[in-house]
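I open a new page of the notebook here. The entries below follow the order in which I looked things up.

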Amino acid sequence: MAMIEKLTRKDFMSDQEVRWCPGCGDYSILAAMQLLLADLGVERHNTVFISGIGCAARFPYYMNTYGMHSIHGRAPAIATGLAIARPDLDVWVIGGDGDMLSIGANHLLHALRRNINLVIVMFNNQIYGLTKGQYSPTSELGKITKSSPFGSADQPFNPISLALGAEATFVARTHDMDRSHMQYVLNRAHQHKGASFVEIYQNCNVFNDGAFESLTGKENRQDKLLMLRDKEPIRFGQDARYGIGLDQDGCLRIIDTDLEGTEKILTHNEYQADPSLAFALSRLGASETEPRPMGIFRDIEREDYGAAMTAQHEAAQKKNGHGDLNKLFRSQATWQV
Amino acid sequence: MTVASDKRRINLDALVIRFAGDSGDGMQVAGDRFTAGSAIFGNDIATFPNYPAEIRAPAGTLAGVSAFQVQIADHDIYTPGDSPMVLVAMNPAALKANIADLAVGGVLICNSDAFDKRNLEKAGYQSNPTEDGSLDNYKLYSVPITSLTLEACKDIGAKPRDAERSKNFFALGLITWLYDRPYQSTLDFIKLRYAKNPQVVEANTLAFNAGRHFGETTEAFESSFEILPSQLTPGEYTNLTGNMALSWGLIAASTKASLPLFLGSYPITPASDILHELSKHRNFNLVTFQAEDEIAAVGSALGASFGGAIGVTTTSGPGVDLKSETIGLAVSLELPLILVDVQRGGPSTGLPTKAEQSDLLHVLFGRHGEAPVAVVAAATPAHCFEAAIEAVRIALMYRTPVYLLSDGYLANGSEPFCIPDPEELPDISIEFATSPNKILSDGSEVFWPYLRDQDTLARPLARPGTRGLEHRIGGIEKADGTGNISYDPANHELMVRLRAAKIERIADSIPPLQVDDPDGASILVLGWGSTHGAILAAVNEVRKLGKKIARAHLVHLNPFPKNLSEILNRYETVLIPEMNTGQLAMVIRSTFLKDVVQLNKIQGIPFKVSEIKAALISLLDGGQL
Ligand code: SF4
């Protein structure tokens with residue numbers, strides 16, 4: 001038996017110089033990914049990163065695996081073909097909010113609903129970086145940018161709500177300031193069979209610096225981030241003082257345990273077939289007073305598209321035998337001359 | 001036991017017949033069955049279905065007329081015929097839309113039940129043409145097809161509305177008798193096709209037999225006709241439409257390359273039947289994927305190609321527009337990719353169900369940057385099979401996108417396909433990289449994805465999953481050799497020239513263009529694509545007049561066969577008939593500085609033999625077009 005060598009981060013680093021702006025959040029995501037894959041001991045040659053266009057989309061060049069840097073928005077579509085044709089591969093899709101939610105939103109939605117066996121990682125920096133600072137489909141209303149000097153009038157997408165609405169079977173959020181949480185979420189996404197969607201809050205320190213600072217900054221996290229944990233009460237704040245409960249009108253509400261105790265606090269269940277609570281959680285954080293959930297909103301089982309195709313192929317072979325050209329050519333009436 | 005008829009039987013060498021009715025009248029089925037019966041009988045056949053884009057335009061209107069023309073013969077034929085000798089018109093609109101094409105003296109069978117005041121008005125007739133003498137130039141038979149069908153089906157308890165649907169089989173039965181076609185295959189077909197609905201089987205069978213008996217017993221038809229089997233090259237045949245032949249060609253190519261086939265497609269007329277046909281054959285090593293749009297269709301095919309499959313996408317004009325960006329990426333990635341364009345009338349939505357050859361310049365040049373791709377065009381419905389294998393061969397061998405051009409006329413038209421021996425089909429397999437191909441100065445062995453084969457200029461392909469050959473490719477300009485991102489000006493020029501040179505090298509692997517010139521002519525007719533049949537038939541007719549004409553047909557449109565320049569210069573006059581405003585003509589002029597004479601038709605319907613013949617005669621007589 002061959003010795004299994006322990007892989008290190010270096011094994012996953014390509015020989016290409018990383019060219020993101022110094023201080024960009026992409027660096028910490030890249031490091032988290034390389035460390036995670038080394039830790040997991042995945043086979044480099046069975047791993048493929050596919051990306052579209054944008055700062056995030058340079059990611060495959062820096063991974064010493066197979067990779068393709070494709071065209072704007074189309075990575076989920078290209079990866080779909082690869083994943084269907086090659087169910088033996090681990091296929092990752094990397095892109096930004098402009099790439100995946102603007103020009104390529106259609107492909108993202110369909111990859112999710114079909115449950116293609118992909119891990120789709122969207123770096124959300126709420127801005128167009130590579131084109132130097134226009135508002136993106138996740139930029140907040142009123143955002144002043146070069147292309148919106150009087151404030152953006154576009155209602156932003158909520159990526160988690162969108163993914164849940166697209167019938168995604170795995171939906172999670174993490175952020176670039178917390179490596180261990182990123183790795184936990186990415187690992188879970190990787191384990192999930194079918195399409196996994198991970199949103200990573202990523203700081204673009206050149207064009208949108210500090211966009212998430214009020215949430216992800218070390219001193220703010222405790223009050224502003226709600227860390228979702230499976231089978232645990234949904235709580236946040238110092239000493240887990242607050243929790244999430246249900247109001248009579250069906251909306252979520254914040255429960256102060258000092259006043260109400262803990263019994264009305266909802267328990268998180270990642271594996272819940274019904275996505276209603278996951279969706280309600282995805283809406284949290286819209287106002288200053290609400291915390292922003294981080295972690296796994298949903299992780300359910302559903303047959304992935306590739307497996308369904310393989311099953312159809314096997315059934316067809318069982319019924320009609322292996323494809324045979326002689327039979328094909330005589331599958332309808334023939335005559336001799 | 002059959003009762004011998006005492007009616008006269010007259011021998012014909014060929015017959016052109018057109019079935020015309022409302023979209024809902026089942027004319028395509030009737031035509032298809034008539035064709036299948038004749039094919040099995042051994043006639044040569046060529047068909048031309050012509051139907052509206054609307055699924056069911058208002059009944060009885062000109063917009064809703066659907067027609068199916070077929071030529072059957074006791075000898076080799078190349079087209080579905082210029083003008084029908086027999087027209088079946090199921091209503092006044094079908095008559096109005098088609099009568100101008102019927103040969104003078106031709107047989108006209110009208111469904112008299114449908115010639116009521118309302119239908120006549122809808123078709124814009126002031127008076128009933130079957131009664132006012134305006135059809136005196138034809139042999140008119142007014143047959144109450146609807147009521148005879150209802151009468152035939154009255155005992156099976158079908159609602160009149162349902163029974164009426166069988167009237168196409170009555171018409172087919174009548175024609176089957178009139179032209180002495182075998183009928184058992186149609187009875188078998190009815191049983192099989194409508195097996196789920198026994199009442200429909202019964203109604204169609206009764207109507208079909210009633211139609212046959214009507215011909216037999218009615219005094220109106222004093223004679224019947226027969227068309228003897230033709231002398232095709234010996235072999236086993238089956239009747240194929242272009243879309244089916246193309247699908248089978250792709251399956252054969254995948255088998256002969258020992259690679260899986262991946263079709264990413266979005267439904268579009270007239271290409272969808274390729275998606276349907278391939279979807280049926282899942283027991284082969286193939287996957288069909290109905291994508292969310294045209295862009296995802298080609299994207300998924302490219303992704304599958306990266307994974308080592310034969311990625312294919314099928315579409316028509318509007319889809320070609322949408323796929324262009326991804327094709328540019330495939331040019332840059334230098335991956336095999338098959339792009340099937342079943343051309344239809346444009347621009348925009350244009351004429352979805354009609355044929356045109358108007359995408360040639362688009363597929364040659366329609367991408368930003370300099371992004372050359374190979375182009376192969378099918379010439380006849382059956383030739384779609386061979387053309388598909390050739391497209392895949394080029395794509396694999398040269399790691400390039402290849403456009404495979406068909407059109408609406410080839411896609412839906414059919415002809416006998418001589419079944420090949422799979423063993424005799426070319427082996428088009430390629431080798432994938434399995435080990436490093438470069439030793440660096442420090443002695444380490446690496447894989448360079450753009451280190452080219454010096455003969456073909458093709459790059460090595462390493463499939464994901466191959467240990468030790470991990471690499472990244474992308475749409476940003478790459479350094480020759482390493483494939484790493486490069487903005488170096490000289491490297492960019494080198495890469496642009498290399499990509500073009502690689503496409504030119506394909507010419508090393510394609511056969512020289514054959515010229516059919518038995519008499520040493522000074523005029524050459526040069527065709528491409530679906531004009532093949534009409535050109536060939538016209539040339540044959542002109543030669544029968546004792547005149548000299550040379551003929552050549554291009555299958556490879558990029559690159560051209562190496563001897564094309566020499567051939568063009570051999571002839572004083574080169575005529576290029578095209579179903580566009582002169583696209584090949586433009587390319588020939590600019591590539592070879594050779595002037596050509598254009599013959600163009602942009603009506604969504606193919607050339608008639610007579611149109612090309614007239615042009616040839618005019619040129620031979622020293623005239624201008
Ligand atoms: S522009 Fe922003 S997102 Fe892009 S590399 Fe620079 S910091 Fe990162």
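Is A:Asp256 buried or exposed? I found that A:Asp256 is buried, because its relative accessible area is 12% and the cut-off for buried is under 20%. I note at the start that this is a predicted model.

**Entry 1: the partner of A:Asp256**

I looked for what the side chain of A:Asp256 meets, and it is A:Arg241, in a salt bridge of 2.7 Å from N to O. A:Arg241 sits in the loop between strand 8 (235-236) and strand 9 (242-246) of chain A, while A:Asp256 belongs to strand 10 (residues 252-256), so the pair ties together parts that are 15 residues apart in sequence. I also checked the cover of the arginine: A:Arg241 counts as partly exposed, at 31% relative accessibility.

**Entry 2: another pair in chain A**

I then turned to A:Arg188 and A:Asp299, whose side chains form a salt bridge of 3.0 Å, N to O. Here A:Arg188 is part of helix 6 (residues 179-191) and A:Asp299 is part of strand 11 (residues 292-299), so this pair ties together parts that are 111 residues apart in sequence. I looked up the accessibility of each partner. A:Arg188 has 12% and counts as buried. A:Asp299 has 11% and counts as buried.

**Entry 3: a pair across the chains**

I found B:Glu236 and A:Arg330, with 2.9 Å from N to O. B:Glu236 lies in strand 9 (residues 236-241) of chain B, and A:Arg330 lies in the loop between helix 12 (325-329) and strand 12 (334-336) of chain A, so the pair joins two chains. B:Glu236 is buried, at a relative accessible area of 17%, whereas A:Arg330 is partly exposed, at 36%.

I also noted a network in chain B: salt bridges with shared partners join B:Glu334, B:Arg452, B:Asp480 and B:Lys502. Over all chains, I recorded 35 salt bridges for the structure.

**Entry 4: chain A as a whole**

I went back to the overall picture of chain A. It has twelve helices and twelve strands. The C-alpha trace spans about 90 × 55 × 50 Å along its principal axes. For 337 residues a compact globule would have a radius of gyration near 20 Å, and the 22 Å of chain A agrees with that. Buried residues make up 54% of the chain. I looked at contacts between residues at least 6 apart in sequence, and in chain A 64% of them join residues at least 24 apart. Chain A exposes about 15000 Å², of which carbon and sulfur atoms supply 51%. Its 34 positive and 40 negative charges have mean positions 6 Å apart.

**Entry 5: chain B as a whole**

I repeated the look-up for chain B. I counted 20 helices and 24 strands there. Its C-alpha trace spans about 95 × 60 × 45 Å along the principal axes. With 625 residues, a compact globule would have a radius of gyration near 25 Å, and chain B, at 27 Å, agrees. In chain B, 62% of the residues are buried. Of the contacts between residues at least 6 apart, 76% join residues at least 24 apart. The mean positions of its 53 positive and 71 negative charges are 2 Å apart.

Notes: Residues are numbered from 1 along each chain as its sequence is written. Chains are lettered from A and ligands numbered from 1 in the order in which they are written. This is a predicted model: local features need pLDDT of at least 70, side-chain atom pairs count only at pLDDT 80 or more; totals for chains, interfaces and linings use all residues. Side-chain values use heavy atoms; hydrogens and water are left out. Helices (H or I, at least four residues) and strands (E, at least two) are DSSP runs, numbered from the N terminus. The radius of gyration is taken over C-alpha atoms; the globule rule is 2.2 Å times the number of residues to the power 0.38. Buried means under 20% relative accessible area, exposed over 50%, partly exposed in between (1.4 Å probe, protein chains only). Contact means heavy atoms within 4.5 Å. Accessible areas come from the Shrake-Rupley method with a 1.4 Å probe; for residues, only the protein chains shown count as cover. Lys and Arg count as positive and Asp and Glu as negative; His and the chain ends are not counted. The place of a charge is taken as NZ of Lys, CZ of Arg, CG of Asp or CD of Glu. A salt bridge is a side-chain nitrogen of Lys or Arg within 4 Å of a carboxyl oxygen of Asp or Glu.
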